[in-house]
Amino acid sequence: MATAKTMELPPLLRAAAAFRRVLLPPAQPRRIRAGAIRASPPSTGGGSPDELPAALLPNARRQRRDGCGFSLGVDLGEARTGLAVGRGITLPRPLTEADELIVGLPVSADGSETPQSNKVRSIVGRLAVQAADRGLRVYLQDEHGTSIDALEFMISRGVKRSARDVQSDAYSAMMILERYFSSSGQGAKIVLPRQPELQSKLLAESRQDGEV
């Protein structure tokens with residue numbers, strides 16, 4: 001089950017800084033060298049999350065007995081960014097309990113990427129560095145059609161027309177999470193920082209989460 005929350009944020013290119021303020025706890029500043037970010041490559045239809053180490057599998061691919069935590073859905077917009085938190089079948093909890101971020105990746109109907117895809121990848125690459133330093137995994141999830149799904153959902157729930165524009169991004173984020181869980185994370189692509197020390201930290205903290 002996922003719930004939606006809308007946040008008024010600066011334009012898209014400032015979204016990463018807003019995430020650090022709102023979602024991520026304080027951390028010691030670290031110097032990141034140029035070219036130190038490696039985002040997962042564009043989807044080509046091949047590969048599988050099963051190829052990842054068990055500690056880096058998305059929550060939707062884990063068994064409940066493994067102690068998987070909460071997932072945060074993100075819909076990056078030009079003026080606003082929508083957020084939703086969920087755990088598949090359980091009641092929602094505060095956003096601070098999420099241990100992974102599921103960010104919507106804009107793609108065309110045929111699955112090809114767009115100029116907006118590049119913008120999102122750039123932001124998510126920087127976000128992944130900050131998130132990994134705090135033990136949070138970041139994944140990209142195909143968001144094609146989620147805006148339409150969100151509109152239909154709002155209409156079905158009786159959301160007034162005047163409120164839809166304000167809430168559309170949050171509901172789109174909710175649809176991203178619904179797609180993520182309904183597909184058992186099959187389409188989620190992890191975004192890893194290039195620094196080996198951050199990758200090691202991410203692996204170690206993800207294993208600890210699975211042992212809780």
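Is Glu-113 buried, partly exposed or exposed at 25% relative accessibility? Glu-113 counts as partly exposed, where buried means under 20% relative accessible area, exposed means over 50%, and partly exposed lies in between (1.4 Å probe, protein chains only). The model is predicted, with local features needing pLDDT of at least 70 and side-chain atom pairs counting only at pLDDT 80 or more, while totals for chains, interfaces and linings use all residues. Residues are numbered from 1 along each chain as its sequence is written, and side-chain values use heavy atoms, with hydrogens and water left out.

**View 1. Salt bridge between Arg-121 and Glu-113.** A salt bridge is a side-chain nitrogen of Lys or Arg within 4 Å of a carboxyl oxygen of Asp or Glu. By this rule there are six salt bridges. In the pair shown, the closest N and O atoms are 2.8 Å apart.

**View 2. Salt bridge between Lys-201 and Asp-133.** The N to O distance is 3.4 Å. This pair links distant parts of the chain, 68 residues apart: Lys-201 belongs to helix H5 (residues 196–211), and Asp-133 to the loop between helix H2 (115–132) and strand E6 (137–142). Helices (H or I, at least four residues) and strands (E, at least two) are DSSP runs, numbered from the N terminus. Lys-201 is partly exposed at 29% relative accessibility, whereas Asp-133 is buried at 13%.

**View 3. Salt bridge between Arg-179 and Asp-149.** The side chains meet at 3.8 Å, N to O. Arg-179 lies in helix H4 (residues 161–182) and Asp-149 in helix H3 (residues 146–156), so the pair links distant parts of the chain, 30 residues apart. Both partners are partly exposed, Arg-179 with a relative accessible area of 24% and Asp-149 with 31%.

**View 4. Network of Asp-99, Glu-100 and Arg-137.** Salt bridges that share partners join these residues into one network.

**View 5. Aromatic pair of Phe-153 and Tyr-171.** Rings of Phe, Tyr and Trp (its six-membered ring) pair if their centres lie within 6.5 Å; planes under 30 degrees apart count as stacked, over 60 as edge-to-face and the rest as tilted. Two aromatic pairs are found in the whole structure. In the pair shown, the ring centres are 5.8 Å apart and the planes stand at 40°, so the pair is tilted. Phe-153 in helix H3 and Tyr-171 in helix H4 are 18 residues apart. Phe-153 is partly exposed at 23% relative accessibility, and Tyr-171 is buried at 17%.
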